[in-house]
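Please look at the sequence and the structure before reading on.

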Amino acid sequence: MIFRWLVHESFTKSERLIAMINDLGMVTKQQLLTITGWEKRHLEWAIESIRKRAARPEEKELWLKAYYFPHKTTTVYSLGRLGAEYALAMQQEARRLKDPPRAQLSHYIGINDILVRLLEAGISRERLQWGSTVESTDSLIRLWEWNHKQVDRKQMIRPDALLKIDEKFKFWIEFDNNTEGPKKLERKYHDYIKTLSPISEKSPIIWVTNEEKRRTYLEENWDLLCKNFYKNQTDLPKMYFFTLKNETNFILNELGKLTLESTYDW
């Protein structure tokens, strides 16, 4: 979870930043300022410290890559190969390195903006837990194992993020950038049902997209799939569909309903 790095006493500030960028995939400077709560000069110092790890000037991009988005006004960062290797060593993990595709830059920024909006709405970092796609999938695998079920990681849904608040609420997060066609969406909906229903996982899925037309399209396709394939199934996941910023209002409203008998226990 992203915020554990902010208070990790075993690592320097630049090492904490390496770990956070690794979890966030691709992230703007402004997003980093909001997520970390650091002053601009402290963030810029940590960024420069990462680049100074390069043995030669031409290796700086192997530690930290910089892009500009949109219209070359916003700086976006992702780890290079050496930075990613260092992050995995910090986490004591051994898995295949996968460079975030530049074509998915908007997707990563959209996902991270969901977290940023929650912080800007006043929810403190102490109350929030935010997991990457890898951590979300790991969480689902643990749920399957706790339920004593065989799991095939390749067949599981891979949520964009996992949000937990106050040890009471949990949400699976999907950011839709209006790039996926009906077949891929249908497969993703099926995968959510096949992953969550067998283990009675009731935490809702929040879909966030850019336009109202797309939001309606996503919701209508979900309703149609449920009607055509799962008409008699009563344990389907709860999916909610929002345009940008409206998901924040929904989450804040759910927090306002906090009771000891919360619907979204975990």
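The points below are grouped by topic.

The coordinates come from a predicted model, and the values given here are computed from that model. The chain contains 10 helices and 8 strands. Its radius of gyration is 19 Å, close to the 18 Å that the globule rule gives for 266 residues, so the chain is as compact as a globular protein of that length.

**Overall dimensions and burial**

- Along its principal axes, the C-alpha trace of the chain spans about 65 × 40 × 35 Å.
- Buried residues account for 51% of the 266 residues in the chain, while the accessible surface comes to about 14,200 Å², of which carbon and sulfur atoms contribute 48%.
- When contacts between residues at least 6 apart in sequence are considered, 67% of them join residues that are at least 24 apart.

- Five strands form an open sheet in the order 4-5-6-7-8, and their pairing is mixed.
- The edges of this sheet are strand 4, at residues 128–131, and strand 8, at residues 239–243, each of which pairs on one side only; from one strand to the next, the twist averages 25 degrees.
- Strand 4 pairs with strand 5 (residues 161–165) in the antiparallel sense over 4 bridges, and W130 has L163 in strand 5 as its bridge partner.

**Helices on the sheet**

- Helix 7, covering residues 133–146, lies across strand 4, strand 5 and strand 6 (169–176), and runs at about 135 degrees to strand 6.
- Helix 9, covering residues 212–229, also packs on the sheet, where it touches strand 6, strand 7 (205–209) and strand 8, and its direction makes about 170 degrees with that of strand 8.

- Leaving aside residues up to four places away in sequence, T195 touches L140, W144, M156 and I157.
- The side chain of T195 also reaches the backbone oxygen of D191, at 2.7 Å.
- T195 and G110 are 85 residues apart along the chain, and their C-alpha atoms are separated by 24 Å.

Methods: Residues numbered from 1 in each chain as written. Predicted model: local features only at pLDDT ≥ 70, side-chain atom pairs only at ≥ 80, totals over all residues. Heavy atoms only, no water. Pairing = 2+ DSSP bridges. Helix = DSSP H or I, 4+ residues; strand = E, 2+ residues; numbered from the N terminus. Axes fitted to C-alpha atoms, helices over the stretch in contact; angles between N-to-C directions. Contact = heavy atoms within 4.5 Å. Rg over C-alpha atoms; globule rule 2.2 N^0.38 Å. Buried < 20%, exposed > 50% of the residue type's maximum accessible area, 1.4 Å probe, protein only. Areas by Shrake-Rupley, 256 points an atom, 1.4 Å probe, with all protein chains shown as cover. Polar contact = N/O pair within 3.5 Å; in protein donor to acceptor, adjacent residues only side chain to side chain.
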